[in-house]
Amino acid sequence: MNNANVVPNKAVKITDNFWREKISLIKNEVISYQWMALNDEIDGAAKSFCLRNFKLAAETIKRRKSGEATTVFPTDKWEYNPDNSEQGSFMGWVFQDSDLYKWLEAAGYLLQNESDNELEALADGAIELICAAQEDDGYINTLYTINNPEKRFSNLRDHHELYCFGHLAEAAVSYYEATGKDRILNAACRFADLICSIFGEGGKEGYDGHEIAEMALVKLYKATGKTKYLKQARLFIERRGTKPYYFDTEHGEANGNGNRYIYNQAHLPVYEQKDAVGHAVRAVYLYSGMADVAAQTGDEALLNACKTLFKSIVNKRMYITGGIGSTRHGEAFTADYHLPNGTAYAESCASIGLLFFAHRMLKADIRTEYADIMERCLYNGILSGMAEDGKAFFYTNPLEVVPDEIKADPDREHIKTERQKWFGCACCPPNIARLISGLGGYCLNENESTLFINLYCSLEAETKFGKLKIESDYQQSGNVKISIDAKKPFSLALRIPEWSKNYSFSKENPFIKNGFAYFELDGKTEITAEFNPEIRIIRANSRVREDIGKVAITRGATVYCLEEADNGTGLHMLRLSPHPKFRLEDGAITADAFREEESGNALYFEYHNPRERKVRLRFIPYYKWANRGVGEMQVFIRI
């Protein structure tokens, strides 16, 4: 296994105009906006209850320690609200704690690259609140601390204690690496120690219903060197889907067909799973943890299982935008090539999770195809989840929107025509914030002999081989200049993007392997790369029924779409010309097309060739849609 390690976010300073603007938006607007949302201070937004729960949990612990009896509340719901729960109980979804942890992780990444006393003080206050809500044995989960501690770890299938732990651990590592302060890291380790004592070898045979604990435990292992965390991650993975099914045992149900656990990817042992199934976010979080464990342990069989699952996603179950999850029922994968555009779920978190999976595969199996998927998700299905002002968000990311149909069709109630200020189930907004804040950690990998460039952002970085500088006009001209002052001889591997049919390098005769161009360097060196972000017409496999006779327009890594604001209503009436005469104009693509004339009032009639008129269309980057009011949108157009 030829592993590479990440050049960490704190060693990378992104200078890219495009991405620096996004990171600055997170720092200057999003992080404070989301703090207000977690405090229920956004007018007209869904309530979070998140910080309210932590404060109440801390108070409850104090009262119990003083000898006061506290009220026992039910722990049998997924969502608790004033209509179904008593005053003084936990409120929100069972995983509500994780929103604060993701916020803290984003704050940590921001502080890794730029000091900010005000943000650090705010984060320290959040950490004090989290630690105040920690039980003496290390347990942290506000639902059970508030409602009924006796029920802890009694419903791993549904109630997200291990999921919340996972986000706590990832936040703790981020913040510790930023500040050197170990209060939250120690809290996460105490919780991890408790989990290992309960679910370790010889303990309960449980595993998480919503995965993330696996990759979080690996991250905690790498931060602390405690091998028991890696062992626990492997145990969770190897137990999954084995008989007797733990979730059956947990719920006192008869052992039966594992298909009931497809939703949780617990229907088969992971080594036997061939298709990406179930809840899409859970799936890619699990696969990310599997790839981590495979890389750390040298488990080739586990890595091969990951390769099979990765191919299942990207070859048969992924939208062109990097979205995954075709149905709102279970927020799940469906069948191969079933990729409906207008009812796509394509949760923002799912694209983020796919990027996590691809990045981990890239470290374990160095091939450009993984970086291509990272890039596809990043420039399309992830960025579309946040408004340009950072104060509204999409949970789902469809590829076609007709507002009147959405209003009239209950099966499309999950599709929004406008980004929302916040959600009761608000996993996506802080997930986007932590991903963009930590973007530097996805750009570069290195092993003992080679520095790999995965994403061509303009940046400056300290690597084991020397100082690196990338000056990139990647999205516009495709031109990139790499300068490095090498401490010792090494190989520099430049990724060749899948979309670049024609490319060239200033240094000749590179060795090409698995989509990377390798150059042997020593001393001060400068290499320029020219990639060619042509406008391309892309079709789907003919087994994708909805896209027969249709195409999408891309340029470089970016997928484009049509919006009503530019092209009027009735986008389905448009047909791309056989000779579209594409032009790039102010970040948009214009093209010749035809608009079919209305066919009268009859619902059905004898066929005749439709009348059409010539029009000039304007396509915008998909991630920019819905920033100019409500209107139709579509990615695929008839050809």
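Reply:
**The open sheet and its surroundings**

An open sheet is built from six strands, arranged in the order 2-8-9-10-15-12 with antiparallel pairing (strands pair if DSSP finds at least two bridges between them; strands are DSSP runs of E, at least two residues, and helices runs of H or I, at least four, numbered from the N terminus). The edges are held by strand 2 (12–14) and strand 12 (504–505), and because each has a single partner strand, one side of each is left without a neighbour in the sheet. The model is predicted, so local features need pLDDT of at least 70 and side-chain atom pairs count only at pLDDT 80 or more, whereas totals for chains, interfaces and linings use all residues. Residues are numbered from 1 along each chain as its sequence is written, and side-chain values use heavy atoms, with hydrogens and water left out.

With a relative accessibility of 1%, Ile527 counts as buried (under 20% relative accessible area, with exposed over 50% and partly exposed in between, for a 1.4 Å probe and protein chains only). Leaving aside residues up to four places away in sequence, Ile527 touches Val480, Lys481, Ile482, Leu492, Leu494, Ser506, Lys507, Phe519 and Leu521 (contact means heavy atoms within 4.5 Å). Tyr337, by comparison, lies 190 residues from Ile527 in sequence and 41 Å from it in space, C-alpha to C-alpha.

Strand 14 (residues 516–521) deserves attention here, since five of its six residues are buried and it is therefore largely enclosed by the rest of the structure. Strand 14 pairs with strand 11 (residues 490–495) in the antiparallel sense over six bridges, and in that pairing Tyr518 is the bridge partner of Ala493. Strand 14 is also joined by three bridges to strand 13 (residues 511–513), again antiparallel, with Lys513 opposite Phe516. Strands 13 and 14 make a hairpin with two residues between them, and Asn514 in the turn has a positive phi of about 50°.

The helix packing can be followed through helix 8. Helix 6 (residues 161–179) and helix 8 (residues 213–224) pack at an angle of about 30° with their axes 8 Å apart (axes are lines fitted to C-alpha atoms over the stretch in contact, and angles run from 0 to 180 degrees between N-to-C directions). Helix 6 and helix 8 are therefore roughly parallel (angles under 35 degrees; over 145 is roughly antiparallel, 65 to 115 roughly perpendicular and the rest oblique). Their contact involves Leu162, Phe165, Gly166, Ala169, Glu170 and Val173 of helix 6, together with Ala213, Met215, Ala216, Leu217, Lys219, Leu220 and Ala223 of helix 8.

Helix 8 also packs with helix 9 (residues 227–239), at an angle of about 165° and with the axes 7 Å apart, and these two helices are therefore roughly antiparallel to each other. Residues in this contact include Leu217, Leu220 and Tyr221 of helix 8 and Tyr229, Leu230 and Phe236 of helix 9.
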